[in-house]
Amino acid sequence: MTWSIIARDAQTGAFGVLCASRALAVGAVVPYGAGRAGVVATQAFANPFFGVDGLRMLREGCSSQDIVCALVAADEGRDHRQVHVIARTGSAACHTGSACIPWSGSVSAPNVAVAGNMLAGPQVVEATLDAYLAASALDFDERLIVAMEAGECEGGDSRERQSCAIRIWNDAPFASFDLRVDDHAEPLKELRRLWRLAHQGYAPFQTALPSRAKPAGVTDRDAVYRMCADYAEAWNSRHPE
């Protein structure tokens with residue numbers, strides 16, 4: 001019982017998901033993804049195997065529509081599920097079961113999909129998608145946040161709010177940006193605070209971690225500190241409060 005936006009950043013090839021719900025720790029249940037593969041969001045009566053099996057199929061190069069069809073066909077609880085997928089090509093596919101509680105449904109465009117259930121109305125997913133498409137000048141992470149904030153302004157989850165999460169994958173199978181608000185009266189507002197805090201050190205530090213291209217990463221502590229400080233200074237100049 002939630003709503004989420006999943007997207008592929010056409011400029012960088014990164015994949016991301018931002019989800020919000022009137023349930024504890026939505027980030028532990030909904031988002032799955034991997035760099036160079038794609039992203040899956042499983043919700044309503046979430047099925048974690050949609051994430052596990054969907055990611056496997058994404059890595060195998062299956063289309064988003066084929067993945068959704070296969071996942072739904074194999075699940076006897078399909079009528080109670082909602083899932084949406086974006087493949088490496090940016091194509092999106094969605095499923096909303098007939099037993100999902102109104103309002104429930106989805107909208108999509110190239111490289112982005114929004115789906116939700118138990119929402120205030122269709123205007124929630126429509127506003128989320130419209131805001132994302134209109135915010136192409138923003139950094140990918142902020143673009144996702146702005147989109148969900150627009151949906152929240154249209155009523156969001158009809159049961160109020162409790163948690164949200166954002167995850168972004170670049171080249172690696174693990175997330176390069178991963179923030180969760182598990183229990184908060186205004187989770188999206190808290191996420192925006194954490195997002196700004198993350199760019200003061202957490203976000204640039206991710207670039208020092210080991211990668212396939214640079215297996216040792218950056219281990220010079222002073223160099224990492226300088227890199228993080230320079231990044232934060234430049235980022236703050238572009239994102240004034």
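Visitor: Why is Asn47 called buried?
Guide: Asn47 has 12% relative accessibility. Buried means under 20% relative accessible area, exposed means over 50%, and partly exposed lies in between, with a 1.4 Å probe and protein chains only. Asn47 therefore counts as buried. The model is predicted: local features need pLDDT of at least 70, side-chain atom pairs count only at pLDDT 80 or more, and totals for chains, interfaces and linings use all residues. Residues are numbered from 1 along each chain as its sequence is written, and side-chain values use heavy atoms, with hydrogens and water left out.

Visitor: Where is Asn47 found, and what does Asn47 touch?
Guide: Asn47 sits in the loop between β4 (38–44) and α1 (48–59). Helices (H or I, at least four residues) and strands (E, at least two) are DSSP runs, numbered from the N terminus. Not counting residues up to four places away in sequence, Asn47 touches Thr42, Asp75 and Arg81; contact means heavy atoms within 4.5 Å.

Visitor: What lies 2.9 Å from a polar atom of the side chain of Asn47?
Guide: That is the backbone nitrogen of Phe49. A polar contact is a pair of N or O atoms within 3.5 Å; within protein, one must be able to donate a hydrogen and the other to accept it, and residues adjacent in sequence count only if both atoms are side-chain atoms.

Visitor: Why does Arg88 count as partly exposed?
Guide: Arg88 has 39% relative accessibility, so Arg88 counts as partly exposed. Arg88 lies in the loop between β5 (81–87) and β6 (92–96). The side chain of Arg88 reaches the backbone oxygen of Arg59 at 3.2 Å. Beyond four places in sequence, the residues that Arg88 touches include Arg8, Phe15, Arg36 and Leu58. Leu58 is 30 residues from Arg88 along the chain, and their C-alpha atoms are separated by 7.5 Å.

Visitor: How do you know that Arg36 is exposed?
Guide: Arg36 has a relative accessible area of 60%, and is therefore exposed. Arg36 lies in the loop between β3 (31–34) and β4. Arg36 also has a positive phi of about 65° although it is not a glycine.

Visitor: Met118 has a positive phi too; is Met118 buried or exposed?
Guide: Met118 has 14% relative accessibility, so Met118 counts as buried. The phi of Met118 is about 55°, although Met118 is not a glycine. Met118 lies in the loop between β8 (112–116) and α3 (122–134).

Visitor: What makes Arg192 partly exposed, and which side chain does Arg192 join in a polar contact?
Guide: At 25% relative accessibility, Arg192 counts as partly exposed. A polar contact of 2.7 Å joins the side chains of Arg192 and Glu149. Arg192 is placed in helix α5 (residues 187–198). Leaving aside neighbours within four places in sequence, Arg192 is in contact with Glu142, Ile145, Val146 and Glu149.

Visitor: Which peptide bond is cis?
Guide: The bond from Pro102 to Trp103 is cis, with omega near -10°. Trp103 is in the loop between β6 and β7 (105–109).

Visitor: How do you know that the radius of gyration agrees with a compact globule?
Guide: With 241 residues, a compact globule would have a radius of gyration near 18 Å, and the protein chain has 18 Å, so the two agree. The radius is taken over C-alpha atoms, and the globule rule is 2.2 Å times the number of residues to the power 0.38. The secondary structure of the chain comes to seven helices and 10 strands. Of the 241 residues, 50% count as buried.
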